[in-house]
Amino acid sequence: MILATGDKRREKFLKSGRVLWDLRNAGGGSKGLQAGGITLLVFAALIALPMIAMDFAKGGMVFGGLFAVPGLLLLLGGILSQKRKMKNYLSYYQKETGFDLEELRQLEQELLEPDMFMVGNVPEGVETGASEKRPQLGCMITKHYFVMPMNMGKSYIRRLSDMLMAVYSQEIPGINGYKHGLVFLSSKDDTAYINALLTRDSCEEVIHELYERNPEVITQRVFYYDDRKYDIITDSPEIVKLYQEQMKQAISFKSLLTFP
């Protein structure tokens, strides 16, 4: 679903004014450690308090401690790890994107502008807690950038001018068969990326907006060049190599291709 300017769900995602920080702060191993620590501390309390109430204070402290000590260590370790992670969040984005700090500031500014395109998503067949009222943040497209939140506090961020392909597919190889979702590729990638949580409608909204902002983006899974078939799912490294070779001549890559 498109979350337009004025939509309360959109404003909630943007309210801090620090979108990149928020994206990096979401999920990750540090948050997992904290959750595990809290769970163990709860178990410790559930064991210790009833035993203490029944005048088995010593036993309650011993058995409760078996959960409380590792729980506390996990919680503190997770908090410290998360603090280090967020202290270096700009360094993470610099490493992942190759952008300098000035360009990251430009990206942050564009993410807050009214013409930023945002898609909310409610995954199908997966229990994520998302709903129409509280969708996941599926994708953001600004004047110059494509931003796709990924798992574990990571994000896929590329310049729009570097995006090569974006297609919806129901034939993405997965465990025990195929899965469906968005497959996307830029000239800066080694291989194609996949987001199998996006619904078909969300994928189509992203593809349409990406094409509107950069008509050079290829929105079909398969194309032909020089009598050879290229498929984004199986041939993405070769596609990037072909693009780099052809763009040395400063020509439109898409105009060289034929489509089925």
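## Met 163 and its surroundings

Met 163 touches Phe 146, Tyr 156, Arg 158, Phe 184, Leu 185, Ser 186, Leu 210, Asn 214 and Val 217, leaving out residues up to four places away in sequence, where contact means heavy atoms within 4.5 Å. The structure is a predicted model, in which local features need pLDDT of at least 70 and side-chain atom pairs count only at pLDDT 80 or more, while totals for chains, interfaces and linings use all residues. Residues are numbered from 1 along each chain as its sequence is written, and side-chain values use heavy atoms, with hydrogens and water left out.

Met 163 belongs to strand β5 (residues 163-174); strands (E, at least two residues) and helices (H or I, at least four) are DSSP runs numbered from the N terminus. The residue is buried, with a relative accessible area of 2%, buried being under 20% with a 1.4 Å probe and protein chains only. Although Met 163 and Phe 184 stand 21 residues apart along the chain, their C-alpha atoms are separated by 8.0 Å.

## Nonpolar cores

A nonpolar core is a set of buried Ala, Val, Leu, Ile, Met, Phe, Trp, Tyr and Cys residues joined through side-chain atoms within 4.5 Å. In the largest one, which has 20 residues, Leu 20, Tyr 93, Leu 107, Leu 111 and Met 140 touch the most other members. The elements that give two or more residues to this core are α2, α5, α6 (101-111), β2 and β3 (145-149). Apart from it lies another core, of 19 residues, which includes Cys 139, Leu 160, Met 163 and Ile 207.

Beyond its neighbours within four places in sequence, Met 140 is in contact with residues including Val 19, Leu 23, Leu 111, Met 116 and Phe 146.

## Pockets

A pocket is an open set of points on a 1 Å grid over the protein atoms alone, where a 1.4 Å probe fits, with protein on both sides within 12 Å along at least five of seven lines, and its lining residues have an atom within 4 Å of a point. The largest pocket holds about 950 Å³ of space. Of its 33 lining residues, Phe 13, Ala 26, Gln 136, Leu 137 and Pro 149 are the closest to its centre, and α1 (8-14), α2 (19-25), β2 (136-141) and β7 (193-195) each supply at least two residues of the lining.

The second largest pocket has about 150 Å³ of space. Its lining includes Tyr 92, Glu 96, Met 150 and Tyr 193, and the largest share, four residues, comes from β4.

How values were computed:
Grid points are joined across faces, edges and corners, and a volume is the space filled by probe spheres set on the points. Buried means under 20% relative accessible area, exposed over 50%, partly exposed in between (1.4 Å probe, protein chains only).
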